[in-house]
Amino acid sequence: MPRVISAWLRHEPRLLAVEHRRFYHAYLWVYLMLMGLFVVWVPFFTLFNESRLAFASGIMALVSVLGVMLHRAHQLTLGLALMMSALTLMAWLSVFCFGLSAGYEYYFFIVMAGIHLAPLAARVRVVTTLMLFMVAVSALMVSPVLHEGGVLSAWVLQSTNLFAVFLMMVTFLWRMLALTEHFERQYLKDASRDELTELLNRRQILRHAEDWWRDGVPCAVLMLDADNFKRVNDLHGHAVGDEVLRHLGRLLTATLRQGDRAGRVGGEEFLVLLPRIGRTEAISVAGRMRSLLAKSPPVFAGTPVPVTVSIGVAISHEVDSLDELMQLADRRLYHAKHNGRDQVVAGGEHEMTGLATADASPPPPGNDGGGLGKAEAVEEGARDKEDDRQEKQRHKDSSPFSRTPLVG
Ligand SMILES: Nc1nc2c(ncn2[C@@H]2O[C@H](COP(=O)(O)OP(=O)(O)OP(=O)(O)O)[C@@H](O)[C@H]2O)c(=O)[nH]1
């Protein structure tokens, strides 16, 4: 039983945006506490012959159960509206019955904090704060301990003070929240982006892959590597190399649809995730990337720097685990390199079948051009077995996916 409760509490709302998860977890506890409070109030008020309050507390306890259920069903706004309304009503009734100084008026501040710490639109916060203020003032007006006195009636004085306190709290909370959100956005961006290319960084793109795999989203993986990039650096300098990487980043972004993900996973190695597409479509996306790169190569100081890429494609339904999916794409990338670079290897009928799309661009410095202009299937088998084994091992050792298992 405790395990069931703990699993229920730790339920991870993965469908919620990251910034809403904190709200989800924090408020679930607050709602459960409120529910407990209302439940406790029923016998408490009954004991003191406050049948109206005991009855109202019972109703509130039931409303809280509904609020918790809505919250857990990701109906966060609805749950919040219900819970805050219930608490406001309870506070109002308590002030009405017991008057001020019994402590129930402070529950209005809890409601206000509840509203302002939730991720609501600014205008919703303004409207609800005003409404809450009216309710609080009306509670003061009906409070039995209030009486008229002097030029200013007591409730006017108290309302003015209440307003001042509300305003200060709202300003403080708003400011604090705005700052937190600002820095959070900044940190999120810094933590998820690759500084050079502005694509997702390795950790983030792998997290997407893990999420999709866990959620059973069928996808294609494109492992893409710039050919002979060391030569580009050696011939033109590191600054040009960086510009080439930035260009590749822009090109990937331009080729992808909404919902696709691209990230830089190593020096000149990129990973692209394409949800819900098959092998043929994935090959055509990879081909589009290659021809776009051929048509518009990176330009540095007015001079084009021809560069090509090799791409390994793997489809999720071909394998049983995410690790295998990544390794398959990686292996196919290795075969694209081995077969002469500047081509796409996507498997198919034969595991090692490749495809190179026609391309009119000249090979980059150092590229043997083995893959250029070919539109044929390339099969494994025509190379020295021992060389292959050694090269494979070397590649495996340098692959970003061979060192860190992605899952499990
Ligand atoms: N300019 C620049 N170069 C980088 C960066 N990260 C890695 N590199 C360089 O990329 C080169 C990669 O070289 P290799 O691993 O030999 O690969 P390659 O020359 O592309 O050869 P193939 O992959 O076999 O086609 C190295 O020289 C790295 O220094 C970077 O952020 N900027």
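How far apart are the end C-alpha atoms of residues 26-47, and how much of the span is helix? I looked this up to get started, keeping in mind that I'm working with a predicted model. The end C-alpha atoms of residues 26-47 sit 32 Å apart, and the span is 100% helix and 0% strand.

**Entry: the annotated spans**

**Entry: α3 against α4**

Next I went to helix α3 (residues 51-72) and helix α4 (residues 76-98). Their axes come within 8 Å and cross at roughly 165 degrees. Angles over 145 degrees count as roughly antiparallel, so I noted α3 as roughly antiparallel to α4. The crossing of α3 past α4 is left-handed.

I then listed who touches whom. From α3 the contact takes Arg52, Leu53, Ala56, Met60, Val63, Ser64, Leu66, Gly67, Leu70 and His71. From α4 it takes Leu76, Leu78, Gly79, Leu82, Met83, Ala86, Met90, Leu93, Ser94 and Cys97. Sorted by class, the residues of this contact are 14 nonpolar, 5 polar and 1 charged.

**Entry: α4 against α5**

I stayed on α4 and turned to helix α5 (residues 107-117). The axes of α4 and α5 come within 9 Å and cross at roughly 165 degrees. I therefore wrote them down as roughly antiparallel to each other. This crossing is left-handed.

On the α4 side I found Met84, Leu87, Thr88, Met90 and Ala91. They meet Tyr107, Phe108, Ile110, Val111, Gly114 and Ile115 in α5. The contact of α4 with α5 has 9 nonpolar and 2 polar residues, and no charged ones.

**Entry: α4 against α6**

Which way does α4 run relative to α6, roughly parallel or roughly antiparallel? The axes of α4 and helix α6 (residues 122-142) are 8 Å apart, at an angle of about 15 degrees. That makes α4 roughly parallel to α6. I noted the crossing of α4 and α6 as right-handed.

Thr88, Trp92, Val95 and Phe96 of α4 make the contact with Leu132, Val135, Ala139 and Val142 of α6. By class I got 7 nonpolar residues, 1 polar and no charged. Thr88 of α4 shows up here, and I had already put Thr88 on my list for α5.

**Entry: around the ligand**

Last, I looked at the ligand. Which residues come nearest? There are 16 residues around the ligand, and Asp227, Phe229, Lys230, Gly241 and Gly267 come nearest.

I also asked where the shell comes from. Strand β1 (219-226) and helices α9 (229-236) and α10 (238-255) each supply at least two of its residues. α10 gives the most, with 4 residues. For the contact of α3 with α4 I had counted 1 charged residue, and for the contacts of α4 with α5 and of α4 with α6, no charged residues.

Terms used
Residues are numbered from 1 along each chain as its sequence is written. This is a predicted model: local features need pLDDT of at least 70, side-chain atom pairs count only at pLDDT 80 or more; totals for chains, interfaces and linings use all residues. Axes are lines fitted to C-alpha atoms, for helices over the stretch in contact, and angles run from 0 to 180 degrees between N-to-C directions. Angles under 35 degrees count as roughly parallel, over 145 as roughly antiparallel, 65 to 115 as roughly perpendicular and the rest as oblique. A crossing is left-handed if the near helix is turned anticlockwise from the far one by less than a right angle, and right-handed if clockwise. Two residues are in contact if their C-beta atoms, placed from the backbone, lie within 7 Å. Ala, Val, Leu, Ile, Met, Phe, Trp, Tyr, Cys and Pro count as nonpolar, Asp, Glu, Lys and Arg as charged, and the others, Gly among them, as polar. A residue is near a molecule or strand if its C-beta atom, placed from the backbone, lies within 6 Å of it.
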